[in-house]
Amino acid sequence: RTIMEWVTVESSQIAEVGFEEPSTLGVRFKPSKKQAAEGKTGSEYHYANATQELFEGLANAVSVGKFFEQHIKFDPVKYPFTKIEPVVDEKMLFGE
């Protein structure tokens with residue numbers, strides 16, 4: 001298994017996109033106002049069945065958000081997704 005490589009994109013909603021062989025597309029959203037107020041990062045989702053070409057199309061789109069909506073978001077049968085929960089480091093929480 002490879003590690004997902006992330007790239008920053010210009011978008012009002014999406015912060016980064018990534019791809020992990022063989023077929024996982026990652027999308028990290030910018031924090032919502034509520035998340036930002038709570039000091040949290042934006043949500044992260046991984047989409048299955050993606051291709052390198054889909055990732056490159058998204059990363060290089062004139063409008064990343066429109067590309068995401070038109071080709072990925074509204075096709076959960078083709079691209080089933082998993083929300084990735086942030087990893088909490090207990091040492092950071094408890095100062096150990």
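Glu20 stands opposite Thr24, a residue of strand E3. This is a predicted model, in which local features need pLDDT of at least 70 and side-chain atom pairs count only at pLDDT 80 or more, while totals for chains, interfaces and linings use all residues. Residues are numbered from 1 along each chain as its sequence is written, and side-chain values use heavy atoms, with hydrogens and water left out.

Strand E2 (residues 14-20) and strand E3 (residues 24-29) run antiparallel and are joined by 6 bridges; strands are DSSP runs (E, at least two residues) and helices likewise (H or I, at least four), numbered from the N terminus, and two strands pair if DSSP finds at least two bridges between them. An open sheet of 5 strands, paired antiparallel, has the order E1-E2-E3-E4-E5. Its edge strands, each pairing on one side only, are E1 (5-8) and E5.

## Aromatic rings

The structure holds 6 aromatic pairs, where rings of Phe, Tyr and Trp (its six-membered ring) pair if their centres lie within 6.5 Å, and planes under 30 degrees apart count as stacked, over 60 as edge-to-face and the rest as tilted. Tyr45 and Phe81 form an edge-to-face pair, at 5.7 Å centre to centre and with 70 degrees between the planes. Because Tyr45 lies in strand E4 (residues 44-47) and Phe81 in strand E5 (residues 81-84), the pair ties together parts that are 36 residues apart in sequence.

Ring pairs also link Phe29, Tyr45, Tyr47, Phe68 and Phe81 into a cluster.
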